[in-house]
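Subject: The structure we talked about

Hi,

Here is the structure I promised to pass on. Please open it next to this message, and my notes follow below.

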Amino acid sequence: MSSLIGALEARGLVAQVSDRDGLDRHLAEGRRTLYCGFDPSAPSLQVGNLVPLMVLRRYQLAGHRPIALVGGATGLIGDPSGRDEERSLNDDDTVAGWTDNIRRQVSRFIDLEGDAGLVVNNLDWMREQDAIGFLRDVGKHFSVNAMLARDAVRARIDREGAGISFTEFSYMLLQAFDFAELARRHDCTLQVAGNDQWGNIASGIDLGRRLHGQRLFGMTSPLVTRADGVKFGKSAAGAVWLDAERTSPYAFHQFWLNCADADVVPFLGYFTVLPTSEIDEVAAEVEARPERREGQRVLAAEVTRLVHGEAALQSAERIAKALFGGDVRTLSEDDLGQLELDGMERTSVPDGIGLLDALTSAGLTRSNAEARRMVGASAIHLNGSAVADAALRLTAKDALHGRHHLLRRGKKRWHLMVLQQH
């Protein structure tokens, strides 16, 4: 059998390992505890965070205990890695709320039953620290020369007009202390993260040795990029969030469904728990019949199910089928709410508004005269059916769920009309 590290490498999930042979032996000797940190720098995690989440999940499936650290303390400071300028600092209440959101999200990826896995907050131990004690006990182990040589710091210092504050400069001390503290509290011996965190991981390994005489390990995963060079995790509408209130399951499913052929096989390795044998079968299908987009369908289904659940996947597929040639009357009220969340054009109108006025008020036509011509040309659909009667009125009686009308001009331009409730 290949080692766990070897299995992760086969899926493209390993960039660096502090001691490959040593870590292989360490993992083979018994159940180990590892962690990955997630700072609350936004109200939700986004798809770029899926790689470390999947790494934690894979370690757990292999019999180890994952810890997801939510950075209630480090989130107040800000990690300079990968940034050209200082982060905006958020207030304590905002960070606390974001911390709770992220705690709920990571629990979808790791089993927290009994002692299977943990979610911890580094504010729990950092609030116990006093400045003098921290500088004396932790700061003395860090060389300023070495800190200045770190890529994240060097890039900021060299960038004209940027620089770095002492606040962000101190971030690596806090992250290193997290590793040492988790090692002390939970016998955590491995940190995993994206490869932009390699320097911080190395500091934690060194600090754990100096403070507690422990042997610690680090492993990073590559930062995912798309085949076209565009930063992964962005869509035309912006960031793709894991929070269903920010990116609906339908939009989330569409994001994966629209990925390029060149990305689909690597993404199946990164973001799903499918066996490599099944991924190889999908890869062969993608190679032989790319027009069928079977790889994209498998990828979208697997990741949407993992992040949002089976019911959300079915809803996403139902919406897609309805909008691209199916019956929009099959859409539930929650499905229509997803379309509103995703930015489908929406207009609130009175019950009984005439179709021509509705088309004009929605901006689908410039005038009632143009609207009449569009109806006459069979270019207007209402709730999935072509409209022939220009005198038609939009009423609650004929609405979807008593208050929604879906208008479509041509093949792709949709508008959601919501009847005002009295």
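Let me start with W256, which counts as buried because its relative accessibility is 0%. Bear in mind throughout that this is a predicted model.

**The aromatic residues**

F252 also has a relative accessibility of 0%, so this residue counts as buried too. F252 and W256 both sit in helix α12 (residues 249-257), 4 residues apart, which is about one turn of the helix. The whole model contains 9 aromatic pairs. One of them is formed by Y35 and F179, a tilted pair with 5.6 Å from centre to centre and 55 degrees between the planes. Y35 belongs to strand β2 (residues 33-38) and F179 to helix α10 (residues 171-186), so this pair ties together parts that lie 144 residues apart in sequence. Y35 and F179 are both buried. For F252 and W256, the ring centres are 6.0 Å apart and the planes stand at 65 degrees; an angle over 60 counts as edge-to-face, so that is the label for this pair. Ring pairs also join F252 and W256 with F255, F267, Y270 and F271 in a cluster.

**Two packed helices**

How do α13 and α14 pack against each other? Helix α13 (residues 261-271) and helix α14 (residues 276-288) have their axes 10 Å apart, at an angle of about 175 degrees. Angles over 145 degrees count as roughly antiparallel, and α13 and α14 are therefore described that way. On the α13 side, the contact is made by D261, V264, V265, L268 and G269. Their partners in α14 are I279, V282, A283 and V286. By type, the residues of this contact are 7 nonpolar, 1 polar and 1 charged.

**A threonine in a loop**

Please also have a look at T74, in the loop between β3 (65-70) and α4 (92-106). Is T74 buried or exposed? Its relative accessibility is 2%, so T74 counts as buried. The side chain of T74 makes a polar contact of 2.6 Å with the side chain of D39. Beyond its neighbours within four places in sequence, T74 touches D39, N122, Y171, L174 and D178.

Best wishes

Conventions
Residues are numbered from 1 along each chain as its sequence is written. This is a predicted model: local features need pLDDT of at least 70, side-chain atom pairs count only at pLDDT 80 or more; totals for chains, interfaces and linings use all residues. Side-chain values use heavy atoms; hydrogens and water are left out. Axes are lines fitted to C-alpha atoms, for helices over the stretch in contact, and angles run from 0 to 180 degrees between N-to-C directions. Angles under 35 degrees count as roughly parallel, over 145 as roughly antiparallel, 65 to 115 as roughly perpendicular and the rest as oblique. Contact means heavy atoms within 4.5 Å. Ala, Val, Leu, Ile, Met, Phe, Trp, Tyr, Cys and Pro count as nonpolar, Asp, Glu, Lys and Arg as charged, and the others, Gly among them, as polar. Buried means under 20% relative accessible area, exposed over 50%, partly exposed in between (1.4 Å probe, protein chains only). A polar contact is a pair of N or O atoms within 3.5 Å; within protein, one must be able to donate a hydrogen and the other to accept it, and residues adjacent in sequence count only if both atoms are side-chain atoms. Rings of Phe, Tyr and Trp (its six-membered ring) pair if their centres lie within 6.5 Å; planes under 30 degrees apart count as stacked, over 60 as edge-to-face and the rest as tilted.
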